Amino acid sequence: MKHIFRLLACTLFVPLFFSCDSYNENTNIVLVDTLTVSDPMIDPLAGYSSSFKILMVSDSGVFRGKKLGITKSQAMDSTLEKIEQDASTITYNINLSATEYGDIMYTFNKDALSSVEIFVYPKNDSSLVALKTELINFYSKKIGASVSTKKGKTVLLNTQENYGVEWSKEGNRKVKDLRMYVFALSAL
């Protein structure tokens with residue numbers, strides 16, 4: 001009987017003793033990534049509309065992560081539908097939503113990107129105003145310059161990085177499109 005109590009005590013005590021501070025104790029923990037996409041450190045375009053994010057892609061460079069002066073091969077974008085290409089331009093079509101789209105034209109001077117012209121065809125005037133406001137706010141923060149408006153054109157100039165951005169409404173009285181022009185200041 002004495003041996004049965006010892007055996008019973010050992011069988012109960014041994015698993016209890018080895019269950020504490022075991023190196024295997026934490027191996028079944030599932031690690032969960034706590035960083036979210038809305039974190040501004042991960043998504044610098046957080047807070048902007050989906051159309052804006054599709055159009056801009058990144059906050060680096062002057063437009064879609066591209067800088068003025070890059071070569072034609074660096075400016076090519078395989079994610080967009082190419083409409084036309086010649087010696088001095090590449091034109092792409094971009095779908096912003098089910099009812100909105102745009103055209104992006106990269107212009108080159110001696111194989112260096114010299115300007116980007118974007119035409120956005122919004123579904124209505126309120127969509128045009130909302131996208132234009134987002135673009136102006138984005139570039140105002142990025143450039144740190146004040147907006148000037150003259151003859152229906154809104155302009156921001158970045159003299160430190162030698163480029164400017166211009167917005168205008170194009171079209172007729174009923175249908176308006178948004179034109180955005182990113183250009184090198186030395187081209188003026």
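I started with the lining of the largest pocket: its residues split into seven nonpolar, five polar and three charged. My classes: Ala, Val, Leu, Ile, Met, Phe, Trp, Tyr, Cys and Pro are nonpolar, Asp, Glu, Lys and Arg are charged, and the others, Gly among them, are polar.

Before going on, a note on the model. It is a predicted one, so I asked for pLDDT of at least 70 for local features and 80 or more for side-chain atom pairs, while totals for chains, interfaces and linings use all residues. Residues are numbered from 1 along each chain as its sequence is written, and side-chain values use heavy atoms, with hydrogens and water left out.

**Pocket**

I looked up the volume of the largest pocket and got about 210 Å³. Of its 15 lining residues, Lys67, Leu68, Glu161, Asn162 and Tyr163 sit closest to the centre. For the record, the search ran on a 1 Å grid over the protein atoms alone: a cavity is a set of points where a 1.4 Å probe fits but cannot get out, a pocket is an open set with protein on both sides within 12 Å along at least five of seven lines, and lining residues have an atom within 4 Å of a point. Grid points are joined across faces, edges and corners, and the volume is the space filled by probe spheres set on the points.

Which strand gives the largest share of the lining? Strand β4 (residues 112-121) does, with three residues.

**Overall layout**

I counted four helices and eight strands, in the order α-α-α-β-β-β-β-α-β-β-β-β along the sequence. These are DSSP runs numbered from the N terminus: H or I of at least four residues for helices, E of at least two for strands.

**Sheet**

The eight strands make an open sheet with antiparallel pairing, ordered β1-β2-β3-β4-β8-β7-β6-β5. Pairing here takes at least two DSSP bridges between two strands. β1 (81-85) and β5 (148-150) are the edges; each has a single partner strand, so one side of each lacks a neighbour in the sheet. On average, neighbouring strands are turned by 20° against each other, direction ignored.

I then went through some pairs. Strand β3 (residues 101-109) and β4 run antiparallel, joined by nine bridges, and Tyr101 has Tyr121 in β4 as its bridge partner. Their hairpin has two residues between the strands, and Lys110 there takes a positive phi near 55°. β4 also pairs with β8, antiparallel, over six bridges.

What is the bridge partner of Val116 in β8? It is Val182, and Val165 also has Val182 as its bridge partner in β8.

Helix α4 (residues 125-143) lies across β4, β6 (153-158), β7 and β8, at about 170° to β7. Axes are lines fitted to C-alpha atoms, for helices over the stretch in contact, with angles from 0 to 180 degrees between N-to-C directions.

**Two residues**

Beyond four places in sequence, Ser115 touches Leu68, Met105, Tyr106, Thr107, Tyr181, Val182 and Phe183, contact being heavy atoms within 4.5 Å.

Gly65 sits in the loop between α2 (50-56) and α3 (72-75) and is partly exposed at 36%. Leaving out neighbours within four places, Gly65 contacts Met56, Ser58 and Ser60.

Definitions and conventions: Buried < 20%, exposed > 50% of the residue type's maximum accessible area, 1.4 Å probe, protein only.
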